[in-house]
Amino acid sequence: MENYQAINWDRVSDAVDKATWEKLTEQFWLDTRVPVSNDMDDWRELDNTHQWVVGH
């Protein structure tokens, strides 16, 4: 039986792992790709309940 080591996605070590990560993350939004700072005015208009819902 061989031992396998999990990939640390915070420290991608080679081109294949990097390509895999990029393909996987194309499927959903990441905070690094969506300029949420553009929405600060809208965020400030939300009441605490709605801010909580968005945050969770």
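Residues are numbered from 1 along each chain as its sequence is written, and side-chain values use heavy atoms, with hydrogens and water left out. In this predicted model, local features need pLDDT of at least 70, side-chain atom pairs count only at pLDDT 80 or more, and totals for chains, interfaces and linings use all residues.

**Exercise 1. Fold and dimensions**

State the secondary structure of the protein, then set its radius of gyration against the globule rule.

Solution. 
- Step 1: Take helices (H or I, at least four residues) and strands (E, at least two) as DSSP runs, numbered from the N terminus.
- Step 2: The protein has 3 helices and 0 strands. The order from the N terminus is α-α-α.
- Step 3: The radius of gyration is taken over C-alpha atoms, and the globule rule is 2.2 Å times the number of residues to the power 0.38.
- Step 4: A compact globule of 56 residues would come near 10 Å, but the protein has 18 Å.
- Step 5: The C-alpha trace spans about 55 × 25 × 20 Å along its principal axes.

**Exercise 2. Burial**

Find what share of the residues is buried, and classify Thr25.

Solution. 
- Step 1: Buried means under 20% relative accessible area, exposed over 50%, partly exposed in between (1.4 Å probe, protein chains only).
- Step 2: Of the 56 residues, 7% count as buried.
- Step 3: Thr25 sits in helix H1 (residues 15-25). Thr25 is buried because its relative accessibility is 1%.
- Step 4: Contact means heavy atoms within 4.5 Å. Leaving out residues up to four places away in sequence, Thr25 touches Leu30 and Arg33.

**Exercise 3. Salt bridges**

Count the salt bridges and describe each pair.

Solution. 
- Step 1: Require a side-chain nitrogen of Lys or Arg within 4 Å of a carboxyl oxygen of Asp or Glu. The count is 3.
- Step 2: Glu22 and Lys18 pair at 2.7 Å, N to O. Both lie in helix H1, 4 residues apart, about one turn. Glu22 is partly exposed at 34%, and Lys18 is partly exposed at 47%.
- Step 3: Lys23 bridges to Glu26, with the closest N and O atoms 3.6 Å apart. Lys23 is exposed at 52%. Glu26 is exposed at 53%.
- Step 4: Arg44 and Asp41 meet at 3.3 Å, N to O. Both lie in helix H2 (residues 40-45), 3 residues apart. Arg44 and Asp41 are exposed.

**Exercise 4. Nonpolar patch**

Which residues make the nonpolar surface patch?

Solution. 
- Step 1: Patch residues have over 30% relative accessible area and no salt bridge; like charges are joined within 9 Å, nonpolar side chains (Val, Leu, Ile, Met, Phe, Trp, Tyr) within 5 Å.
- Step 2: Ile7, Trp9, Val12, Trp21 and Leu24 make a patch of about 400 Å². Areas come from the Shrake-Rupley method with a 1.4 Å probe; for residues, only the protein chains shown count as cover.
- Step 3: Ile7 lies in the segment before H1 and is partly exposed at 39%.
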